[in-house]
Amino acid sequence: MVEGLVIALVAVLCAGVLYVASAARVIRQYERGVVLRLGRLRENVRLPGFTMVVPGIDRLRKVNMQIVTMPVPAQDGITRDNVTVRVDAVIYFKVVDPTNAVIAVEDYRFAVSQMAQTSLRSIIGKSDLDDLLSNREKLNQGLEVMIDSPAVSWGVQIDRVEIKDVSLPETMKRSMARQAEADRERRARVINADAELQASKKLAEAAGEMSAQPAALQLRLLQTVVAVAAEKNSTLVLPFPVELLRFLERAQQQPAVEEAGTGRTGRPSSVNGPTAQPPSSAGDGATAQPPSSAGNGSPLPEAEVPLPETRPPEEPAVPQAATPPAASSSAERPFAHH
C-alpha cells in the first residue's frame, strides 16, 4: 500500500516536471512574445524573461525587435533620360508592433524585401542619371517614403534606405569621362585667361609708373639681372627693353636740337660783329667769289654759283649784302687771271 502511494507520488512529480518543462518559455531582451491560444490571439504580449504557456493549447511566436539590415538585390532599370543602369540598395527596418508583424503579414521580412525592390525600380524610372549619381539623399528619402507607407500596417518601421551602387554601361562611362575632361579643360582655360587679364592690368599700371620715371626701367633691368645671376647659370640671357632704346634716342636728340637752334640764331647776330667771316674774305677762295666776280667774266665763279642754293631757305642772303663793292681787288685779280 505504501509502495503504491510512493509510486503514484513519484509519477505525479514526474508529470509535473514534464508539464513545467513543456510549458516554460524564455524570451530574450530584444524579443517579444505573441501567444495564440487555440488559434486566437492573446492580447497580452509576453515581455522578456520567463513565461509559461499551456502545452498543446498555446502557441508562442517570438518576434525580433532589433534593427534588421537587409540588402536589396540589384535592379536593372531605365532612367527618365533613357539611360540603362543597374542599382542596388540596403534597407534598415525594425518591428514596432509585434502583433501586426505576426497577424497582418505572413512573412514581414519577405514583404519588406519585395516592396524595396519594386520601389527601387520605380524610383529609377522617375529620376535622371545625374540625380542617381549626385543627388542620392533626395532619392533615399523618396525611396524610404515609398517603402514605409505599406509597411506601417505590417507593424514595421523603415529606419533608413541607402542606394549603394549605380552601375553604368561602358560607353556611358567613357562619355562621362570625356565630358568631365572637357569641363575641366574649359575651367582651366577660363582661369588662365583671368590670370592673363589681371597680369596685363598690373603690367599696364607698372608701365604707367615707369613712364613717369624712366630711370625706374633701368633699375628694374638691373634687378632682373641680379635675380638671374643668383641661379649660377653658365649662360646669362639679358633682355634689353625697347623702351630703354627709345629713352636713349630721345636723350641724344635733345642736344642736337639745342645745337641746331643756337646755330640758326647765332649766324645773323655774328654777321655784323667783329668775328663775322663774309664770303668776300681772301681765305674763302672761289666759293666767296660769285657775288663780286660777276663783272670780271671769269668762268671759275660761274661753276660755284649753285653752292648758295644748298643753304636752308630760312637763312637770309646776308653774305651778299655784307660783300663790299670793291670785290675785284688787286689781290683777287691775279688768282682770277691764273
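## Sheet

In the pairing of strands, Val72 has Ala89 of β7 as its bridge partner. Likewise, Gln75 has Val87 of β7 as its bridge partner. β6 and β7 pair in the antiparallel sense over 9 bridges; two strands pair if DSSP finds at least two bridges between them. Helices (H or I, at least four residues) and strands (E, at least two) are DSSP runs, numbered from the N terminus.

The open sheet has 3 strands in the order β6-β7-β8, with antiparallel pairing. Its edge strands, β6 and β8, each pair on one side only. From one strand to the next, the twist averages 25°. The hairpin of β6 and β7 has 5 residues between the strands, and Asn82 there takes a positive phi near 60°.

## Basis of the model

The model is predicted: local features need pLDDT of at least 70 and side-chain atom pairs count only at pLDDT 80 or more, while totals for chains, interfaces and linings use all residues. Residues are numbered from 1 along each chain as its sequence is written, and side-chain values use heavy atoms, with hydrogens and water left out.

## Helices on the sheet

α3 lies across β6, β7 and β8 and runs at about 35° to β6. α5 also packs on the sheet, where α5 touches β7 and β8, and its direction makes about 140° with that of β8. Axes are lines fitted to C-alpha atoms, for helices over the stretch in contact, and angles run from 0 to 180 degrees between N-to-C directions.

Among the buried residues of α3 are Tyr108, Val112, Leu120 and Ile124; buried means under 20% relative accessible area, exposed over 50%, partly exposed in between (1.4 Å probe, protein chains only). The partners of the buried α3 residues include β5 (58-64), α2 (98-103) and α5 (136-151), with contact meaning heavy atoms within 4.5 Å.

## Salt bridges

The count comes to 9 salt bridges, each a side-chain nitrogen of Lys or Arg within 4 Å of a carboxyl oxygen of Asp or Glu. One of them joins Asp76 and Arg86 (2.8 Å, N to O). This pair links distant parts of the chain, with Asp76 in β6 and Arg86 in β7, 10 residues apart. Asp76 counts as partly exposed because its relative accessibility is 41%, and Arg86 is partly exposed at 40%.

Arg186 and Asp183 also meet in a salt bridge (2.8 Å, N to O). Both lie in helix α6 (residues 170-212), 3 residues apart, about one turn of the helix. Asp183, Arg186 and Arg187 are linked in a network of salt bridges.
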